[in-house]
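Subject: A structure for you to explore

Hi there,

Here is the structure I promised to pass on to you. Please open it beside this email and follow along as you read.

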There are 2 protein chains.
Amino acid sequence: MQHLRHCQGFAQVFLIRSQSSKLSKSVIPSLSVWGGHLSSRWRSTGGHEKQEYNERRQKFRFALAGLLAGTGAVLAYKLHQGKVERATTPANLPVAQTSSLPVYTLEEVTKHCSLDNGVWVTHKGEVYDITEFVAVHPGGDKILLAAGGALEPYWALYAVHEQDHVLEILSEYKIGVLNTESIKKQESANPSDPYSAEPTRHPALQINSLKPFNAEPPASILSDNYITPSAIFFKRNHLPVPRVDPETYRLNIEGLPGVVSLTLSELKSRFPKHTITVTLQCAGNRRSEMNKVKQVKGLNWGVAAISNATWSGARLRDVLLYYGFGPEVAAKAQHVQFEGLDRDVTGTAYGASIPLNKAMSDEGDVLLAYEMNGEDLPADHGYPVRVVVPGVVGARNVKWLGKIVVSDEESKSHWQQNDYKGFSPGTDWDTVDFKSAPAIQELPIQSAITHPAEGATVDGSVGEVTVKGYAWSGGGREVVRVDVSVDGGNTWHVAKLRTSDNSQDPASPPPPGKAWAWKLWEIDIPLPYRSQELEIVCKAVDSSYNMQPDTFAPIWNLRGVLSNAWHRVKIKVSQDLKDQK
Amino acid sequence: MQHLRHCQGFAQVFLIRSQSSKLSKSVIPSLSVWGGHLSSRWRSTGGHEKQEYNERRQKFRFALAGLLAGTGAVLAYKLHQGKVERATTPANLPVAQTSSLPVYTLEEVTKHCSLDNGVWVTHKGEVYDITEFVAVHPGGDKILLAAGGALEPYWALYAVHEQDHVLEILSEYKIGVLNTESIKKQESANPSDPYSAEPTRHPALQINSLKPFNAEPPASILSDNYITPSAIFFKRNHLPVPRVDPETYRLNIEGLPGVVSLTLSELKSRFPKHTITVTLQCAGNRRSEMNKVKQVKGLNWGVAAISNATWSGARLRDVLLYYGFGPEVAAKAQHVQFEGLDRDVTGTAYGASIPLNKAMSDEGDVLLAYEMNGEDLPADHGYPVRVVVPGVVGARNVKWLGKIVVSDEESKSHWQQNDYKGFSPGTDWDTVDFKSAPAIQELPIQSAITHPAEGATVDGSVGEVTVKGYAWSGGGREVVRVDVSVDGGNTWHVAKLRTSDNSQDPASPPPPGKAWAWKLWEIDIPLPYRSQELEIVCKAVDSSYNMQPDTFAPIWNLRGVLSNAWHRVKIKVSQDLKDQK
């Protein structure tokens, strides 16, 4: 609630142009239809209204299960497949100056900036009292950041809000319109689009969300390179990409005896440069498969939210020791927190933390990386400095690193506390207690098929099918075997693993517990006699002999993370012409 | 082959009394029947005989799939369930002095002690030429240890050989009998039973093999104590229990700058005493469930080849540093080998190794333990000193520790090289290449139900069922959740975990990566309405979010290790009398 201490200040910050010029006819009927279906707005607190409220609460929980927390976790149910582009040029509502509803001034709206005074927001010149909605907002009270002002700055950050069903829900709370003068005030305060300075991306990337930018390479090209080219390395941004001036860049470190503020050149010159090959994987990789069991909340990643690169930089351990990390600090500290320079409109930075022993261990290999694949970090991957935490979920590999805090506490960020955690299949949004589960750090064993593609047809006359893919495990556990089946998992063949591009010498085996990079695998399997359809399955084993679970339903979780059941691909086998003669 | 360098020496060692006094009538008909079925002995090497040989080779592979490697890996298919006792007082064959077969002297037998000269052995006064069998002996060329002498000393070590089907196979190779004088010679060289000095064991233990002794507590009492009482802690011995005099005991260390030979009191007085709670688990725990998919080779453990104890001793790291471990040693070494004082008749000790980084890491917590649960180690658990390697498979926790070797190589022991490794379900004894898989070190996530028992009936009128069990994971990964289902895995409930006995305060959470001890769990789950039968299922999740695989077939492996699929228990629900009124 600290965001709401100064209503007036926020009202000023939130002044923004109301984009009122376009009118989408298609949305209006849809809204009126839903207006009829949804119960009238509820205002009192007693008797059957309470029950009605609870029912509506459930309904919203359901309707909004995929709605974004206003904090970076992005809905991507693909309820509106192919509408990513449209979502960025949203269907606009009319400014209803001709409405019979009350007309408000911006000053009146700004007074309603707390649960005590009521929570009003504006959107495209209309005024909404969302006080009762706050409790059921899937993103929690982050919605209060917009209290007393315009929604647009937030929705500009998280384009996922710009969908029909969100507008439909919002319409239920409409209480009036802004007067013309107020709309002009908002327009005059128009901030630039926070996403206007995003870098150019490779056209091959398959986009899951434009704002923030989230995309993966096509699976078919992912395993073409042992080292993924930076341009097609999966992108997972929670906020707009910050443009950082390397000359003025400072890396601040707290929690050590003195005040530390490092320049980029100091980081590069003061500490030995280490280079390691590390695979990063999003916690939501392969979420689309879990989504088929039952809808989950999150970007609908395919199998390619994972990539492998060479990273160079200073070791975090070296830097912390240089600036005074010693027994006195160690006695109190348990975590190392990271803050990015990517911020939302309230100034809240992306944040995460890792356990102190990972950060300080000689074998942890945590880097403050300033190079990726031999070049400066690309803007999408954290220029000028990012953390690379080998063996640990992508979300802790904080990009555009601005601050390091050695602390007795985990990061308090949303992404550490209320996101990126695993739950039982029996846990839903009504029963989840985020405190009950640990923040994901090391990821479990994973593998997937990159070739052939689902639905592909292979030539039956060849007599065999070539299957390719990747395998990786968290915590430095080496992939020791990949089993592949072409009969749905009844019989298994052992694939050939490789640890370099075909033209290169294979990498020497990593020391125990330091297998940070994936293995690519390949196998030719004889086609079962006269088969017309095959279900290809893969599963990997790591050096702790962890295996992938067989199926998704038993590992289903409401955020759709840790989606590592066997990967299954169905293909067709073309008729063998020789047989038909 | 080094064992065979000195035939004459071995012949003397192998002289042993032939136990010829008892005659089992039941075996003789069985032998003659099998004599008819089995093809006549094959001697030449060309043409169709070769094919016949290969067919027989396959047959033996099958017939002997469970036969003991002569090295400690014990057959326990339970082909002969309940016959453990009988196996120790084997059905004896007659000394066939009246046979029409040739009569040999011991001197003649001892000449046939290599593949070049032929491999002859004696058993109960009979002579066998097993030259052709050597290649198909499941235990490999360890069988050559007995070449030129008596089988009895080996079979005394591994009572599993004393089974009808082994005798049947042996009978195929019979070529003659010993003369009376030779039999007397063997009798006069009669060594004492290597198992005559075994400690007394708790009567509650369920015995899987008497010689060597392997037993587990009943599952129903396993989870009664967070700290397993030493008496019922599962016992997994590969060889006879050595009786070690603490006064003359020496722990020798090789691979450091100087020669190190430590007394017990030096070990206790020179190094700080550390106490940690560590769960040990046999690689074969729950093998009996995997066995139901398809027969595997190994002791048929239930769910209780796992226990938890408090161990005290010196840290291996402290000892090695004290005696000169430094950068010079570290530059060359990669492993720390352990040798037990338990030896077979040839003097080969039990042996294993762990990676150097586990041994030397400040966080590895590897102990040279001399106390278990606050008392001197019991004889069955390694008195006076054993290694405790937290988070690592029991087999590396070498008991009766005699020697430590800091080395650039893994232990060359059978148990490190050709046992305790995992393979694909598609790998069988004809295709297995033990070099292709890493020795098991850290174990994967595991859990099992200890209450109710399979087939139990619960009172339906109570309306709920209490389910209890344990969960543990290797590598110090903490168990973070156990899911329990009473409908075969369709819906899941989260169990309550505990880290102490009920009467004690719960242990404080372990530091990340140092969760060495199991968690016990319990949950009351409502009975599905009017259910008459339930399938209870459990699965656990560790701090790296590793999950157990759903089923056994896809993780089946020829040695039946790493058996950690969901545990399933079927129970009955009694009729609710109130319903029937």
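A residue is called buried when its relative accessible area is under 20%. By that rule A:Asp483, with a relative accessible area of 0%, is buried. Before we go further, please keep in mind that this is a predicted model.

What does the side chain of A:Asp483 meet in a salt bridge? The partner is A:Lys539, with 2.9 Å from N to O. A:Lys539 belongs to strand E27, which covers residues 533-542 of chain A, while A:Asp483 is part of strand E23 (residues 479-485), so the pair ties together parts of the chain that are 56 residues apart in sequence. A:Lys539 counts as buried too, because its relative accessibility is 3% and the limit is under 20%.

A:Lys539 also reaches across to the other chain: a polar atom of its side chain lies 2.6 Å from the backbone oxygen of B:Pro554. Leaving aside residues up to four places away in sequence, A:Lys539 touches residues of both chains, including A:Trp492, A:Trp566, B:Pro425 and B:Pro554.

Over all chains, the structure holds 42 salt bridges. One of them joins A:Asp380 and A:Arg201, whose closest N and O atoms are 2.7 Å apart. This pair links distant parts of the chain, 179 residues apart. A:Asp380 sits in the loop between strands E17 and E18, and A:Arg201 in the loop between helix H8 and strand E7. Both fall under the 20% limit, so both are buried: A:Asp380 has a relative accessibility of 4%, and A:Arg201 has a relative accessible area of 18%.

In chain B, B:Arg201 forms a salt bridge with B:Glu198, with the closest N and O atoms 2.8 Å apart. B:Arg201 and B:Glu198 are both buried. Back in chain A, there is a network to look for: A:Glu254, A:Glu339, A:Arg343 and A:Lys403 are joined by salt bridges that share partners.

**Where the chains meet**

How many residues does the contact take from chain B and from chain A? It takes 37 from chain B and 37 from chain A. Between them the chains bury about 2,900 Å², with 53% of it on carbon and sulfur atoms. The count of salt bridges between chain B and chain A is 0, but there are 21 residue pairs in polar contact. On the side of chain B that touches chain A, strand E23 (residues 479-485) of chain B gives the most, with 3 residues. The residues on that side of chain B divide into 20 nonpolar, 9 polar and 8 charged.

**What about the cysteines?**

A disulfide is a covalent bond between the sulfur atoms of two cysteines. How many disulfides does the structure hold over all chains? The count is 0. Take A:Cys282 as an example: the closest cysteine sulfur is in A:Cys538, 19 Å away, which is too far for a bond because a disulfide needs the two sulfur atoms within 2.5 Å. A:Cys538 is in no disulfide either, and the cysteine sulfur nearest to it is that of A:Cys282. Each of these cysteines is buried, A:Cys282 at 7% relative accessibility and A:Cys538 with a relative accessible area of 0%.

Enjoy looking around, and write back with any questions!

Best wishes

Terms used
Residues numbered from 1 in each chain as written. Chains lettered and ligands numbered in written order. Predicted model: local features only at pLDDT ≥ 70, side-chain atom pairs only at ≥ 80, totals over all residues. Heavy atoms only, no water. Helix = DSSP H or I, 4+ residues; strand = E, 2+ residues; numbered from the N terminus. Polar contact = N/O pair within 3.5 Å; in protein donor to acceptor, adjacent residues only side chain to side chain. Contact = heavy atoms within 4.5 Å. Salt bridge = Lys/Arg side-chain N within 4 Å of Asp/Glu carboxyl O. Buried < 20%, exposed > 50% of the residue type's maximum accessible area, 1.4 Å probe, protein only. Buried area = accessible area lost by both parts, 1.4 Å probe. Nonpolar A, V, L, I, M, F, W, Y, C, P; charged D, E, K, R; others polar.
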